[in-house]
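Dear colleague,

Please find the structure below.

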Amino acid sequence: MYIYLEVNQDVLRTYLDREAAGNVDVDFKAFLNIPADVLFYRISRVNIKPTALIEAANAEAWDHNFADKVFGGNEFRILTISAVWSKGMSNVFANAVELHNHICPGLTSGYFIARYLDENFPLGEDESYIVWAVPP
Ligand SMILES: [Zn+2]
């Protein structure tokens with residue numbers, strides 16, 4: 001089960017502004033009492049196993065969720081990251097994913113190219129690589 005919450009920026013901004021003004025104690029209590037449907041612009045509960053989407057029938061059955069933007073337009077990045085994360089992801093790869101914001105052939109090939117260069121052609125002092133990786 002995936003639960004996607006997208007905060008209402010206008011509601012959050014008023015509390016952050018009050019906190020910045022020094023009203024932390026009073027506003028924190030009020031903040032905790034904001035109803036979820038007020039604090040969050042979107043609340044989605046979706047039952048999906050990301051690794052199941054590799055099968056065409058499952059992908060077709062789930063496809064309407066992309067059109068409906070059940071994760072606020074973040075469907076691809078959430079599903080690709082969580083699918084790989086569920087199989088185990090190194091911290092170094094997680095850092096690359098964080099920068100790239102999703103997992104795709106370009107990211108994974110770039111990651112493996114960098115690892116290969118690092119292991120087989122280590123840099124000397126004051127050296128650096130410029131790599132143009134083109135997934136196709
Ligand atoms: Zn990409």
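A residue is called buried if 20 or more other C-beta atoms lie within 10 Å of its own, exposed if 12 or fewer do, and partly exposed in between, with the C-beta atoms placed from the backbone. By that rule, buried residues make up 4% of the 136 residues in the chain.

Please note that this is a predicted model, in which local features need pLDDT of at least 70 and side-chain atom pairs count only at pLDDT 80 or more, while totals for chains, interfaces and linings use all residues. Residues are numbered from 1 along each chain as its sequence is written.

Confidence

The predictor's confidence in each residue is given by pLDDT, which runs from 0 to 100. Its mean over the chain is 89, and 96% of the residues reach 70 or more. Where pLDDT is low, the predicted coordinates should not be read in detail.

Overall form

Helices (H or I, at least four residues) and strands (E, at least two) are DSSP runs, numbered from the N terminus. The chain holds eight helices and two strands, and from the N terminus on their order is β-α-α-α-β-α-α-α-α-α.

The chain is divided into domain 1 (2–89) and domain 2 (104–136), with bounds that come from an automatic or database domain assignment. The C-alpha centres of the two domains lie 33 Å apart. Along its principal axes, the C-alpha trace spans about 60 × 50 × 25 Å.

The radius of gyration is taken over C-alpha atoms, and the rule for a globule is 2.2 Å times the number of residues to the power 0.38. A compact globule of 136 residues would have a value near 14 Å, but this chain has 21 Å.

Two residues are in contact if their C-beta atoms, placed from the backbone, lie within 7 Å. Among contacts between residues at least 6 apart in sequence, 57% join residues at least 24 apart.

The strands

Two strands pair if DSSP finds at least two bridges between them. Six bridges join strand S1 to strand S2 (residues 40–46), and the two run antiparallel. Of the six residues of S1 (residues 2–7), the number buried is zero, so S1 lies largely in the open.

Helix H6 (residues 75–87) has 13 residues and reaches 19 Å from its first C-alpha to its last, close to the 18 Å expected at 1.5 Å a residue. That expected span is 1.5 Å times one less than the number of residues. The buried residues of H6 are Glu 75, Leu 79 and Ile 81, and they pack against helix H5 (64–68) and helix H7 (91–100). H6 is followed by Gly 88, whose phi is positive, near 105 degrees.

Of the 10 residues of H7, the number buried is one, so this helix lies largely in the open. Val 97 has its place in H7 and is buried, because 21 other C-beta atoms lie within 10 Å. Not counting residues up to four places away in sequence, Val 97 touches Ile 81, Ile 103 and Leu 107.

Two residues with positive phi

Most residues other than glycine have a negative phi. Asn 101 is not a glycine, yet its phi is positive, about 80 degrees. Asn 101 is found in the loop between H7 and helix H8 (105–120), and it counts as partly exposed because it has 13 C-beta neighbours inside 10 Å. Asn 101 and Phe 76 are 25 residues apart in sequence and 9.8 Å apart in space, C-alpha to C-alpha.

Asp 126, also a residue other than glycine, has a positive phi near 65 degrees. Asp 126 lies in the segment after H8 and is exposed, because 5 other C-beta atoms lie within 10 Å.

With kind regards
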